[in-house]
Amino acid sequence: YTVTFRTTSGSEKSEDVSQIIYTEPAKPGDPSRVSATTSSLTVTWGASSPANLDSYQVTIKETDSGDQIGEEAITVDGDADNLEATIDTGLTPGREYTVEVTAVVNSVESETASNSMRIKPSPATEITLMKSKTTELTVQWSSPQGDYTGFVASLREVSGDEQTIDAAADKEVVFDGLSAGTQYTVVVVTKSDDQSSDEGIAQFYTLPNDPSVLEKVSVTTSTITVQWVAPMGNFDGYDISIKQGGSVVDTDTFDKADTTYEFTGLNAAETYTVVLKATVGTGDAESNEISLVIHTQPNPTTGLTVTYFDTTTVEFQWTAPDSAKTYTYEYTITALGETPDSVAKTTSQTSGRTTSLVHGTTYTIEVVAVINGVDSEPASEEFTLYPDKPDRFRVDSVGKTYIQVSWDNPSDGTFDGYKLSWTADESSTTKTQELYVVTFQIPDLEPATKYTIELVAVSNDLESGKTTKTQ
């Protein structure tokens, strides 16, 4: 409007003095959010009137404190459809701000239109697996930068598992009813009233189920072989290790197809603990471990030697596998044959003695060292006892150049045959005949000559005591 002033005095008038004065523009429509990031806010508002406005003044303040953050003048330029302003300096993620808009014409401002709104909060950070079970995941995360009113946590693979967590509560959530050995994607979204952050994402595995029935297959002096039953559910492989006295001796990871494993390069007569776990991923999650204590086989004894024998008794000795360890020993004396007799004894000594054996019999001694309930490979030695003498050696008849003799088999034991020898008096020559019968005519003797005749039983080249006749 143009306001004109003049001064009058009677019929006299001064010159006109005019001034343009603007009425207050109409109040703009309340501002609303067009978009928001964690550091900026873009708003729009309803147009004011009349159309000849100079500009709009947009001011942003923190709602709680009232502190002004920024201000921007928007020139109209006649385009009432492009009423937008962006504030991108000094904003805090997730915070609520009050946006005030006034229409301006020739420095005259309208009534203020205002509205409060939040900007986008920061995403959760450091999403961490606190505990994993076969059917449960416990997840925590760190407070994001800026303001927030809570969180929404969910599993991407599981529908209906969304959980809302208040800002004042612990930043922790437990997902249960899950499948063992399975990878899940945890999604955490920060909420600031109606605003949501970008997704915070992390992937975690539930624990696989435990393998079972870990047992020994075989042991030697340097190897241990074990087997087990594979776990139920999902898993990718195994982590196996062997310990001695708390120290890990060997460890390995391998595919789920195998359910046996052999450790090599171990020491004899030692105690080991085998530890087995099922794994998923590249070792991202492991089952509870199962373990088994196993002893390697001791080395065999050495130097097994027969030190004495007669017709019914044998004595023998050996050397311990390792003088630093305490062993017990089991020895067995077995007669050779289709249905062998045997004698078994246990001792802590490194020697043995057995009586009441059978004359002339060949036996095998086997000695086993025992420690931790595990037997060594046997050390063995073969021996033969002296046979018993033939019975009732006698002269049956005498001729001019022969002597007929006979005898009975030994009354006990076994033997291979006989050896008969004869020597004429005043002669240094002895003749010998091997026999497998119990009678023999000694030929080609000198007439009227006295002979000494000797008979022994033979078993494995061992001779019994002599039976002698003079004729």
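Colleague: Let's start with T362: why does that residue count as buried?

Modeller: Buried means under 20% relative accessible area, exposed means over 50%, and partly exposed is in between, with a 1.4 Å probe and protein chains only. T362 comes out at 15% relative accessibility, so it counts as buried. Before we go on, this is a predicted model, so local features need pLDDT of at least 70 and side-chain atom pairs count only at pLDDT 80 or more, while totals for chains, interfaces and linings use all residues. Residues are numbered from 1 along each chain as its sequence is written, and side-chain values use heavy atoms, with hydrogens and water left out.

Colleague: Where does T362 lie, and what is in contact with T362?

Modeller: T362 lies in strand 34, residues 362-371. Strands here are DSSP runs of E, at least two residues long, just as helices are runs of H or I of at least four, and both are numbered from the N terminus. Contact means heavy atoms within 4.5 Å. Setting aside neighbours within four places in sequence, T362 is in contact with T334, A335, L336, E382, F383, T384 and N460.

Colleague: What makes the pairing of T362 and T384 a polar contact?

Modeller: A polar contact is a pair of N or O atoms within 3.5 Å; within protein, one must be able to donate a hydrogen and the other to accept it, and residues adjacent in sequence count only if both atoms are side-chain atoms. The side chains of T362 and T384 are joined at 2.7 Å, so the pair falls within the cut-off.

Colleague: How do you know that H359 is buried? I see that H359 lies in a loop, between strand 33 (351-354) and strand 34.

Modeller: The relative accessible area of H359 is 11%, so H359 is called buried. Among the residues that H359 touches are T311, T312, Y386, P387 and D412, not counting those up to four places away in sequence.

Colleague: Why is L304 called buried?

Modeller: L304 has a relative accessible area of 10%, so the label is buried. L304 sits in strand 29, residues 302-309. Beyond four places in sequence, L304 is in contact with residues including F316, W318, I365, V367 and A379.

Colleague: What makes the residues around I224 and V226 a nonpolar core?

Modeller: A nonpolar core is a set of buried Ala, Val, Leu, Ile, Met, Phe, Trp, Tyr and Cys residues joined through side-chain atoms within 4.5 Å. The largest one has 24 residues, and I224, V226, W228, I240 and V274 have the most contacts inside it. Strands that each supply at least two residues include strand 21 (212-219), strand 22 (224-229) and strand 26 (271-280). Strand 26 gives the most to this core, with five residues. A second, separate core of 20 residues includes W45, L53, L91 and M117.

Colleague: Why does R6 count as partly exposed?

Modeller: R6 has 46% relative accessibility, so it counts as partly exposed. R6 is in the loop between strand 1 (2-5) and strand 2 (8-9). The R6 side chain makes a polar contact of 2.5 Å with the side chain of D16.

Colleague: Last one: which residues line the largest pocket, and how do they divide?

Modeller: The lining is D416, G417, Y418, K419, E434, L435, Y436, V458, D461 and E463. Nonpolar covers Ala, Val, Leu, Ile, Met, Phe, Trp, Tyr, Cys and Pro, charged covers Asp, Glu, Lys and Arg, and the others, Gly among them, are polar. On that basis the lining divides into four nonpolar, one polar and five charged residues. A pocket is an open set of points on a 1 Å grid over the protein atoms alone, where a 1.4 Å probe fits, with protein on both sides within 12 Å along at least five of seven lines; lining residues have an atom within 4 Å of a point.
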